[in-house]
Amino acid sequence: MAMQLTHLTVRDFRSFEAYDLDPSPATTILVGRNAVGKTNLVEALQLLTAGQSFRRPAPRDLVREGARAAMAAARLEGEGRVVDIRLDVTGGKRSFKRNGKGVAAAGVRGIVPSVLFCPDHLDMVKRSARVRREALDDFGMQLNEQYAKLVSAYARSVEQRNALLKEPVLDTGLLEAWDESIALTGAALLQHRCALLDRVRAHMAEAYATIAPHEEIGVAYEATVGPVEGASREELADRLVEAFRARREEERRRGMTLTGPHRDEIVFTIDGRDARAFGSQGQQRSVVLAWKMAEVRVTRDILGRYPLLLLDDVMSELDASRRDAIMGIAERSVQTVVTTTNLGYFSHEVLDGAKVVRIGDE
Ligand SMILES: Nc1ncnc2c1ncn2[C@@H]1O[C@H](COP(=O)(O)OP(=O)(O)O)[C@@H](O)[C@H]1O
Ligand SMILES: [Mg+2]
C-alpha cells in the first residue's frame with residue numbers, strides 16, 4: 001500500500017477543542033454548514049503534509065481562542081512503515097515533530113505531499129503574478145528540498161538587498177558583493193522553476209484537453225532576465241548582475257530590487273491569447289483546474305506516489321463538467337479529502353465509494 005493518511009487528531013486547533021478523523025484510503029467527504037470548521041481541518045492536513053498553510057497564519061491564529069497551545073497530528077502509513085507527524089503551537093511558535101523527534105518544516109514535506117484546491121485559487125489566473133509564482137514555488141518546495149532552500153534563501157537575500165538599497169549612504173562594495181551572491185541563488189531558482197514548470201505544462205495540456213478538447217492551452221515563464229531555456233546557470237547569474245548594474249539608480253530611488261525571479265511572470269494562454277485578459281471566467285477556472293490536476297500527476301512522476309488531494313469548498317464554484325473532471329482524478333487511486341456544504345454536488349458513484357463525515361450539529 002502506498003503511503004497514506006490514516007488518522008488526523010487536533011486539539012485546541014482553530015475552532016476545535018478536540019477532533020479526530022479516520023479518513024478513507026479513497027475519498028472522504030466532510031460535510032457541514034458554513035463555519036463549522038471544515039476549512040480548519042483541511043488547513044491542519046495541509047500543515048502536516050506541506051509544512052505550511054495557504055492561509056499563511058501567524059502561529060497564534062492556530063490556537064483556539066482561550067486555549068494556551070494547539071496541537072495537530074497525522075498518522076501516515078504505508079510502504080511498510082508508519083510516520084507520525086505532529087505540530088505544536090505554543091508561546092507564539094510552531095514546531096514540528098516526526099516520529100517524536102523535532103524537525104524543521106522541511107522534515108515533514110514530501111512523505112505524503114498534498115495538493116490543495118480551494119476557492120482562493122479559483123482566480124489565480126487573473127490575480128497578481130506573485131500568486132502564480134507562489135503556486136509554483138509552494139508545489140516545488142514539497143517535491144524537492146533544494147528547491148525549498150532556494151526559495152527561502154532567495155527571499156531572504158532580496159529582503160536584505162532591499163534594506164541596503166534604502167540606506168541613506170550606499171556602500172557600493174557591499175552592494176556588489178550582494179549582487180553576486182543573490183544572482184547565483186536567483187539563477188539556480190530560475191532553473192528549478194522552469195524545470196518544474198516544464199513538467200507541469202506537459203500534464204496541464206493533457207488535463208486541459210479533457211476539460212476543453214477544442215482549445216489549446218499554453219504556459220510561459222517570462223523572466224525579467226529574458227529566456228531561461230538553454231541558458232547555463234552562470235549565464236543567468238551574469239545577466240542578473242548586469243541588470244542590477246543597469247538599473248542601480250532606479251533601484252536606489254525606489255529602494256527595491258527590480259530584476260530577478262521575484263518579479264517574473266507565469267502567463268497562461270488559450271489558443272495563443274493571454275487567458276488573463278481574454279479568457280472567460282469559465283476558461284480561467286479550467287486553467288486552474290488543469291494546473292491542480294497537473295500537480296497531482298507531476299507529484300506521482302517525481303516522487304513515485306500520488307499526493308493527498310484536498311478539495312476545500314470548490315464543488316459549489318465549479319459547473320457539473322468541471323466537477324466531474326476533478327472528481328475523476330479523485331477516483332483514480334488518489335486519496336482525497338473534500339469539503340462541502342451540500343452533498344448534492346456529488347454523483348451517486350462518488351457518494352457510494354466515499355466516506356461521508358458530518359461536521360457540526362447536523
Ligand atoms: N483560533 C481560533 N479560535 C477559535 N475559533 C477560530 C479560530 N480560528 C478560526 N476560528 C473559527 O473557525 C470558524 C471557521 O471555520 P472554517 O473552517 O473556515 O469553517 P468552514 O466549515 O466554513 O470551512 C469561524 O467561526 C472562525 O471564527
Ligand atoms: Mg471553508
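## Burial and overall form

A residue is called buried when its relative accessible area is under 20%, exposed when that area is over 50%, and partly exposed in between, with a 1.4 Å probe and protein chains only. By this definition, buried residues make up 53% of the 362 residues in the protein chain. The model is a predicted one, in which local features need pLDDT of at least 70 and side-chain atom pairs count only at pLDDT 80 or more, while totals for chains, interfaces and linings use all residues. Residues are numbered from 1 along each chain as its sequence is written, chains are lettered from A and ligands numbered from 1 in the order in which they are written, and side-chain values use heavy atoms, with hydrogens and water left out.

The C-alpha trace of the protein chain spans about 65 × 55 × 40 Å along its principal axes. Its radius of gyration, taken over C-alpha atoms, can be set against a globule rule of 2.2 Å times the number of residues to the power 0.38. For 362 residues a compact globule would have a value near 21 Å, and the 22 Å of the protein chain agrees with this. The secondary structure comprises 10 helices and 14 strands, where helices (H or I, at least four residues) and strands (E, at least two) are DSSP runs numbered from the N terminus.

## Salt bridges

Side chains of opposite charge can pair when their charged atoms come close. Here a salt bridge is a side-chain nitrogen of Lys or Arg within 4 Å of a carboxyl oxygen of Asp or Glu, and a search of the whole structure finds 25 of them. One of these joins Arg11 to Asp20, with the closest N and O atoms 3.2 Å apart; Arg11 counts as partly exposed at 32% relative accessibility, and Asp20 is likewise partly exposed, at 38%. Arg86 and Asp88 also meet through their side chains, at 2.8 Å from N to O. In that pair Arg86 is partly exposed, with 35% relative accessibility, whereas Asp88 is buried, with a relative accessible area of 13%.

A further salt bridge brings together the side chains of Arg55 and Glu43 (2.9 Å, N to O). Arg55 lies in the loop between α1 (38-50) and β4 (69-78) and Glu43 in helix α1, so the pair ties together parts that are 12 residues apart in sequence. Glu43 is buried, with a relative accessible area of 0%, while Arg55 is partly exposed, at 35%. Both residues belong to a network of salt bridges that links Arg14, Glu43 and Arg55.

## A negative surface patch

Glu180, Glu234, Asp238 and Glu242 form a negative surface patch. Patches of this kind are made of residues with over 30% relative accessible area and no salt bridge, like charges being joined within 9 Å and nonpolar side chains (Val, Leu, Ile, Met, Phe, Trp, Tyr) within 5 Å. Accessible areas come from the Shrake-Rupley method with a 1.4 Å probe, and for residues only the protein chains shown count as cover. Lys and Arg count as positive and Asp and Glu as negative, with His and the chain ends not counted, and the place of a charge is taken as NZ of Lys, CZ of Arg, CG of Asp or CD of Glu.

Helix α5 (residues 233-246) supplies the largest share of the negative patch, namely three residues. Asp238 lies in helix α5 and is partly exposed, with a relative accessible area of 47%.

## Positive phi angles in loops

Ala35 has a positive phi of about 70 degrees although it is not a glycine. This residue lies in the loop between β3 (27-31) and α1, and Ala35 is exposed, with a relative accessible area of 80%.

Asn99, also a residue other than glycine, has a positive phi near 45 degrees. Asn99 is found in the loop between β6 (93-98) and β7 (101-103), where its relative accessible area of 48% makes it partly exposed.

## Separations across the chain

Met141 is placed in helix α2 (residues 129-143) and counts as buried, at 13% relative accessibility. From Met141 to Ile359 there are 218 residues in sequence and 31 Å in space, C-alpha to C-alpha.

Glu317 has its place in the loop between β12 (308-312) and α9 (320-331) and is partly exposed, with a relative accessible area of 35%. The C-alpha atoms of Glu317 and Leu47 are separated by 24 Å, and the two residues are 270 residues apart along the chain.
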